Amino acid sequence: MSLYQDMDVAVTGGAGFIGSHLVDRLLAMGAHVRIIDDLTSCGRDNIAHLEGQDSVTLEEADVRDGPAMMQFIQGADIVFHLATRNVRLSLSHPTEVHEVNVIGTYNVLKAASSGGAKRFLYSSSSEVHGTAAEVPLRENSECRPETIYGASKMAGEYYTQVFQRSGWLETVIARP
């Protein structure tokens, strides 16, 4: 039996490239998956093959919408937070990137905590390090973000750590 067998899992950004592959894997391991995505980055292309499957639902919502996050994350056992606006967009739309990556992350953390999630995974970015002073990067390499995107992902890490330290939510941070 799989670790995720019959678990209720929410994936923000689940229609994106990485998110859709995570959803596929979770479904293969027997999870029931809620994809929460505003579909602005990829539309439905990456998840079209999932249409009609009973073990997956799509909730079209923006992570900046706190009440929607409370509704759609309620009762999830695990939350994978992959929703983001990317580094290229931060050069032309820094406020949007900040709002999605910081306010959205806070909303998803609050919803996961109040909704009873057992674990929360935050997908950060190596951009928190800025231009790499050393290669390969180590986990303890200095963080010196150089873009709004990198700074927003660093802020998301800090919020995630606060929820862990406060005992509100068990969390994991990954920097792909």
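A word on burial before you click: buried means under 20% relative accessible area, exposed means over 50%, and partly exposed is what lies in between (1.4 Å probe, protein chains only). This is a predicted model, where local features need pLDDT of at least 70, side-chain atom pairs count only at pLDDT 80 or more, and totals for chains, interfaces and linings use all residues. Residues are numbered from 1 along each chain as its sequence is written, and side-chain values use heavy atoms, leaving out hydrogens and water.

Start by selecting Thr-160, in helix α5 (residues 148-165); helices here are DSSP runs of H or I, at least four residues, and strands are runs of E, at least two, numbered from the N terminus. With a relative accessible area of 0%, Thr-160 is buried. Show its contacts (heavy atoms within 4.5 Å): leaving aside residues up to four places away in sequence, Thr-160 touches Thr-105, Leu-109, Phe-120, Tyr-122, Thr-171 and Ile-173.

Most residues other than glycine have a negative phi. Now pick Asp-6, in the segment before β1 (8-12): its phi is positive, near 65 degrees. Is Asp-6 buried or exposed? Asp-6 counts as exposed, at 53% relative accessibility.

Hop to Leu-39, in the loop between β2 (32-37) and β3 (56-60). Leu-39 also isn't a glycine, and has a positive phi of about 65 degrees. Leu-39, however, is buried, at 12% relative accessible area.
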